[in-house]
Amino acid sequence: MEDVKPNTDEAHMLDGRLMATLFYEPSTRTRLSFESAMHRLGGGVLSTESAKEFSSAAKGETLEDTMRTVEAYSDVIVLRHFESGSAKRGAAAIDIPLINAGDGPGQHPTQALLDTYTIQREIGRLDSVKVALVGDLANGRTVRSLAYLLAENYENVEFVFVAPPVVEMGGDIKSFLDKQGSKWEEAYDLKEVASEVDVLYQTRIQRERFQDRSEEYESAKGKYVVNKDIMEVMRPDSIVMHPLPRLDEITTECDPDPRSAYFRQAKNGLFIRMALLKVLLKV
């Protein structure tokens, strides 16, 4: 998909197809990369940003009814929703493909695909990698999906969870890793962990998931920051990833370092989503 050029046959493979993007939560990279992917393959886009406020959901329409309606106007639906399990509910109500673009604190499967692609491109392998997942592991759907994908499909993947106790990795992921025979541990010294891993996957503490628990948020934010000191102890062949957006959990002084892969990671989302649309629309 990286080689698709304008005005070529590949750039018209989805001519006449329409993709609807329904985002009930804010998004920059996921929504725009999906829309760019569809346009680059010749398709059209029907888009609703802030669907929670600017769709009939504001009038009380159920998710299922919205999906059935939008199905009549499009060939594929991309859904981001604030409730875990919403993608499964939406997909059950329609006959066309539905892509989960993030369902609350549940899963973000296309992010996991692009993250896996990024790891392969950056370090050259997916078997026998050691990955540190850092930050908000309780609410971060990206780290949950990545742990599932790597553990289920690749050999000898090890995980280190680095998080404040209030946002530690959920028991469901730990149980899944145990069943898969994947090694995992919890640690609290980021500098020590950074010196040992192939991939340091940082995430922000998600304030929007804390609601009225402001004290817990304040206790968690800023606990683990990737800065120049952390980069200095990392191996030359390791990388730093982040699903973005970032706040202050990776300082901007890290950006010029070639091991900082997060903007390349975001770009890879375009190619993965182009490939996914091609597969789902069977061209």
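Which residue in S2 does Leu 18 stand opposite? In this predicted model, the residue of S2 that stands opposite Leu 18 is Gly 44. The two strands concerned, strand S1 (residues 18–23) and S2, pair in the parallel sense, and five bridges are found between them. Strands of a sheet pair through backbone hydrogen bonds, either parallel or antiparallel.

This pairing belongs to an open sheet of four strands, whose order is S2-S1-S3-S4 and whose pairing is parallel. Strand S2 (44–48) and strand S4 (98–103) stand at the edges of the sheet, and because each has a single partner strand, one side of each is left without a neighbour in the sheet. When direction is ignored, neighbouring strands of this sheet are turned against each other by 15° on average.

Helix H3 (residues 63–71) was examined for its buried residues, which are Leu 63, Thr 66, Met 67, Val 70 and Glu 71. Seen down the axis of H3, these buried residues fall within an arc of 135°, and therefore they line one face of the helix.

Together with helix H6 (residues 141–153), S5 and S6 make a right-handed β-α-β unit. S5 also pairs with S8 in the parallel sense, here over four bridges, and the bridge partner of Ala 132 in S8 is Leu 200.

Charged side chains were considered next. Side chains of opposite charge can pair when their charged atoms come close. The count for the model comes to 15 salt bridges. In one of the salt bridges, the side chains of Asp 198 and Arg 125 meet at 3.1 Å, N to O. Asp 198 lies in the loop between helix H8 (190–194) and strand S8 (199–202), while Arg 125 lies in the loop between helix H5 (109–123) and strand S5 (130–134), so the pair ties together parts that are 73 residues apart in sequence. Asp 198 counts as buried because its relative accessibility is 7%, whereas Arg 125, at 31% relative accessibility, counts as partly exposed.

The side chain of Asp 198 also meets that of Arg 235 in a salt bridge, with a distance of 2.4 Å from N to O. This pair links distant parts of the chain, for Arg 235 lies in the loop between helix H10 (228–233) and strand S9 (239–241) and Asp 198 in the loop between H8 and S8, 37 residues apart. Arg 235 counts as partly exposed, at 25% relative accessibility.

Another salt bridge is formed where the side chains of Asp 255 and Arg 246 meet (2.6 Å, N to O). Asp 255 is partly exposed, with a relative accessible area of 27%, while Arg 246, with a relative accessible area of 19%, is buried. Elsewhere, salt bridges that share partners join Arg 125, Asp 198, Arg 235 and Asp 237 into one network.

Key
Residues numbered from 1 in each chain as written. Predicted model: local features only at pLDDT ≥ 70, side-chain atom pairs only at ≥ 80, totals over all residues. Heavy atoms only, no water. Salt bridge = Lys/Arg side-chain N within 4 Å of Asp/Glu carboxyl O. Buried < 20%, exposed > 50% of the residue type's maximum accessible area, 1.4 Å probe, protein only. Pairing = 2+ DSSP bridges. Axes fitted to C-alpha atoms, helices over the stretch in contact; angles between N-to-C directions. Arc of directions from axis to C-beta. Right-handed = clockwise from strand over helix to strand, strands pointing away.
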